[in-house]
Amino acid sequence: MEETGALIRKRRATISTGKCVTLKQVNGRSAVNESINGHGDSGNIVTKRNVSDLPSTTSKERKKGRNVPSDRQSCHRLQESLLSSASGYRNYRGVLNWCVVMLVLSNARLFLENLLKYGILVDPIQVVSLFIKDPYNMPAACLVIVGGASALGVYTVLFLKLYSYKDVNKWCREMSHAKARSLARSLSCSSIPRSKGSGVDYQVSYPGNLTLRDLYYFVFAPTLCYELNFPRSPRIRMSFLLRRLFEMLFFTQLLVALTQQWMIPIIQSSMKPLEDMDLPMMMERLLRLAVPNHLLWLIFFYWFFHSSLNFIAELLQFGDREFYRDWWNSETITYFWQNWNIPVHKWCLRHFYKPLLKSGVSKWLGQSAVFLASAFFHEYLVSVPLKMLRPWAFMGMMAQLPLAWFVARFLRGNYGNAAVWISLIIGQPIAVLMYVHDYYVLHYREGSAGGGPE
């Protein structure tokens, strides 16, 4: 009886003090009295269960008498929402897939609308015939621009290559003969024949590189910067070569087809708004032109920097295949221009920017000079084929300077990357419409005005 009375008093004391859990010995095994609401009220419900069913508690918590909730009692914890920046969540793969699906559906709708409105306009034979009969009529004018720009591009590339060839040989000539022999760069031509099976690469030194074979190799190599010895791949991979060749042929046809079917109708329909200076309609035409223009630019980038340059490099066993870096992740305008065209970037850095720094020019002034030279070549490659001098490409390139400062100063991360993409998607169509408008006015309005009196 005394033991039973002590047990009852202990139980009442537990309820009155509001403790959540007490242990006692019942029939030789441990049991628990658990208070559901833990307030010590007379309405408390008391249940019994084995200790093994309870969550583990530390000895400090038991000593301090803390309330340790069970799994049934607690289902919340301190945490942020996934879309909050403080949550640290970064897995947006599903959102990226959704964006791709929406982009495909949107472009499919635009392309279907184009087909329903204009029909099938793709006809390579018609383009060739128009080009032969009337090279200044649309769409043959596009071929004039492309053909002229390609020819000028070849001359420009040859000029940059020969300039680099002259600079490197001048540096070698200024060095001592011993230092010239220590130039450890990859193999462009062998002045000493290789020993078969030896695995030893013999390096060319100045003036052993001054041969026609070495010069012709550099002229056709997919680089603008000359070296006495280029990295060479061990063999030509035929499967890789054929894949690149197929891509070149396929994307060439795709570029011509999309230009005929998508770009030219939009450009032709933009003439009247541009002539009337109808700003709302001009904005509408600009946005309509942005999607196909950007798609063509992306296809051209892959066709040239990946398919074509890799094809040439594989054919010549040229080992350095870094023709571009991850420009699509650019968070600043400067990073984009440094990584989307590596051959030109290396040439500007090696033969233009660094010599300016060595002459005492500041970094900011040197970067501005590089942009100025790039703006000149952009304008040169567009204005000469069109046979008209306009400042649009030059101004577009020089506008990159304040834009680069603004993005680097106020935008970072995803915001900076979005600003880079917007400048690419919107900036190019503006220049295209400006040149098309001026070309139209120069060749059509003046021609119609001159023929009016007759």
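This note goes through a predicted model point by point, from its annotated spans to its backbone details.

1. Annotated spans. The UniProt record, an unreviewed entry, places the feature "transmembrane region" at residues 95-112, 138-160, 245-267, 287-305, 364-386, 392-411 and 418-436. Two of these spans can be described from the model. Residues 95-112 are 100% helix and 0% strand, and their end C-alpha atoms lie 25 Å apart. Residues 418-436 are likewise 100% helix and 0% strand, with end C-alpha atoms 28 Å apart.

2. A nonpolar patch on the surface. Leu 82, Leu 83, Tyr 89, Tyr 92, Val 95, Trp 98, Val 101, Met 102 and Leu 105 together make a nonpolar surface patch of about 930 Å². One of these residues, Trp 98, is found in helix H3, which runs over residues 93-118. Is Trp 98 buried or exposed? Its relative accessibility is 52%, so Trp 98 counts as exposed, the cut-off being over 50%.

3. Nine salt bridges are found in a search of the whole structure. In one of them the side chains of Lys 166 and Asp 167 meet, with 3.0 Å from N to O.

4. Arg 321 and Glu 314. A salt bridge also links Arg 321 to Glu 314, and their closest N and O atoms are 3.0 Å apart. Why does Glu 314 count as buried? Its relative accessibility is 0%, and buried means under 20%, so Glu 314 falls in that class. Arg 321 has a relative accessible area of 21% and is therefore partly exposed.

5. Glu 322 forms a salt bridge with Arg 325, whose closest N and O atoms are 2.8 Å apart. Both residues are partly exposed, Glu 322 at 32% relative accessibility and Arg 325 at 30%. Elsewhere, salt bridges with shared partners join Arg 237, Glu 314 and Arg 321 into one network.

6. The second largest pocket. This pocket holds about 860 Å³ of space. Its lining has 19 residues, and those nearest its centre are Leu 96, Cys 99, Trp 328, Asn 417 and Trp 421. Which helix gives the largest share of the lining? The answer is H16, with eight residues. H16 covers residues 413-451, and both H16 and H3 supply at least two residues of the lining.

7. A cis peptide bond. Most residues other than glycine have a negative phi, and most peptide bonds are trans. Against that background, the bond from Tyr 206 to Pro 207 is cis, with omega near 5°. Pro 207 sits in the loop between helix H6 (177-181) and helix H7 (212-220).

8. A positive phi. Gln 317 is not a glycine, yet its phi is positive, at about 55°. Where is Gln 317 placed? Gln 317 lies in the loop between helix H10 (279-316) and helix H11 (333-339). With 21% relative accessibility, Gln 317 counts as partly exposed.

Methods: Residues are numbered from 1 along each chain as its sequence is written. This is a predicted model: local features need pLDDT of at least 70, side-chain atom pairs count only at pLDDT 80 or more; totals for chains, interfaces and linings use all residues. Side-chain values use heavy atoms; hydrogens and water are left out. UniProt positions are given in the numbering used here, feature names are shortened, and annotations may be inferred rather than shown by experiment. Helices (H or I, at least four residues) and strands (E, at least two) are DSSP runs, numbered from the N terminus. Patches are made of residues with over 30% relative accessible area and no salt bridge: like charges are joined within 9 Å, nonpolar side chains (Val, Leu, Ile, Met, Phe, Trp, Tyr) within 5 Å. Accessible areas come from the Shrake-Rupley method with a 1.4 Å probe; for residues, only the protein chains shown count as cover. A salt bridge is a side-chain nitrogen of Lys or Arg within 4 Å of a carboxyl oxygen of Asp or Glu. Buried means under 20% relative accessible area, exposed over 50%, partly exposed in between (1.4 Å probe, protein chains only). On a 1 Å grid over the protein atoms alone, a cavity is a set of points where a 1.4 Å probe fits but cannot get out, and a pocket is an open set with protein on both sides within 12 Å along at least five of seven lines; lining residues have an atom within 4 Å of a point. Grid points are joined across faces, edges and corners, and a volume is the space filled by probe spheres set on the points.
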